[in-house]
Amino acid sequence: VWGQRGGQRAEQRNLDPEFLMWNMRRRIARDALPPRRIVVELNFRGVPAEHRGYRLFWLVLTAADVDLCVKDPGFEVDLYIDARLDSMVRVWLGDTTWRSVVRDGSVRIAGARELVKAFPSWLLRSHFADVPRVAAK
C-alpha cells in the first residue's frame, strides 16, 4: 500500500510484459467467465528494446483454471488484444480505465461482440489499484 500510495511509476524502459501477464493471470474473475473455454491472445507493442522476453501471450480461461501460455496453445482464439504495454500497465495499476485506453486506441480488442464487452469484467486490476495516490509535487 505504501508503494502504491507514494511511489513513482515505472519508467517505460523498465516495463516487463511477462511480469504484467503473470500478475494478470492471477487476477481473472473466473466466476464471471462463460461456461466454456475462452482463449485470449495478447500482443504487446511498445515493449522496451532491451527486453529479450516474450511479447505475445495466450490466456486460456475456464471457470476452473487460468493458464498463461507463451506458445500457441493450439485452441481457436476467441479474443485478440493488441496493446501498448504502458497502457496495459496503467490499467493494471489503476491509473486509467479500460474504456479510456480502448477509446484512445492504445488497446485494441477484437472478437465476438459479447466477449469483447465482457472481457473488462473478467480482468481484475492489481490488489492495490484502488489505493489513493499522493499527488505529484
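The following exercises concern this structure, which is a predicted model.

**Exercise 1. The overall fold**

Determine how many helices and strands the protein chain has, and in which pattern they follow one another.

Solution. 
Step 1. Counting the elements gives five helices and five strands.
Step 2. The protein chain comprises 137 residues, and buried residues make up 39% of them.
Step 3. Consider the contacts between residues at least 6 apart in sequence: 68% of these join residues at least 24 apart.

**Exercise 2. The surroundings of Asp82**

State where Asp82 is placed, whether Asp82 counts as buried or exposed, and which residues Asp82 touches.

Solution. 
Step 1. Asp82 belongs to strand E4, which spans residues 79–84.
Step 2. The relative accessibility of Asp82 is 15%. Buried means under 20%, so Asp82 counts as buried.
Step 3. Leaving aside residues up to four places away in sequence, Asp82 touches Asn43, Arg45, Ser106, Val107 and Arg108.
Step 4. Two of these contacts can be described further. The side chains of Asp82 and Arg45 are joined by a polar contact of 2.6 Å, and a polar contact of 2.4 Å joins the side chains of Asp82 and Arg108.

**Exercise 3. Salt bridges**

Find how many salt bridges the structure holds, and describe the pairs Asp78 and Arg36, Asp82 and Arg108, and Arg84 and Asp86.

Solution. 
Step 1. The structure holds four salt bridges.
Step 2. In one of them, the side chains of Asp78 and Arg36 meet at 3.2 Å, N to O. Asp78 lies in the loop between strand E3 (66–69) and E4, whereas Arg36 lies in the loop between helix H2 (17–25) and strand E1 (38–45), so the pair ties together parts that are 42 residues apart in sequence. Asp78 is buried at 15% relative accessible area, while Arg36, at 42%, counts as partly exposed.
Step 3. Asp82 forms a salt bridge with Arg108, with 2.4 Å between the closest N and O atoms. Because Asp82 lies in strand E4 and Arg108 in strand E5 (residues 107–111), this pair ties together parts that are 26 residues apart in sequence. Arg108 counts as partly exposed, at 45% relative accessibility.
Step 4. The side chains of Arg84 and Asp86 also meet in a salt bridge, at 3.0 Å, N to O. Arg84 is partly exposed at 33%, and Asp86 is partly exposed at 22%.
Step 5. Through salt bridges that share partners, Arg45, Asp82 and Arg108 are joined into one network.

Definitions and conventions
Residues are numbered from 1 along each chain as its sequence is written. This is a predicted model: local features need pLDDT of at least 70, side-chain atom pairs count only at pLDDT 80 or more; totals for chains, interfaces and linings use all residues. Side-chain values use heavy atoms; hydrogens and water are left out. Helices (H or I, at least four residues) and strands (E, at least two) are DSSP runs, numbered from the N terminus. Buried means under 20% relative accessible area, exposed over 50%, partly exposed in between (1.4 Å probe, protein chains only). A polar contact is a pair of N or O atoms within 3.5 Å; within protein, one must be able to donate a hydrogen and the other to accept it, and residues adjacent in sequence count only if both atoms are side-chain atoms. Contact means heavy atoms within 4.5 Å.
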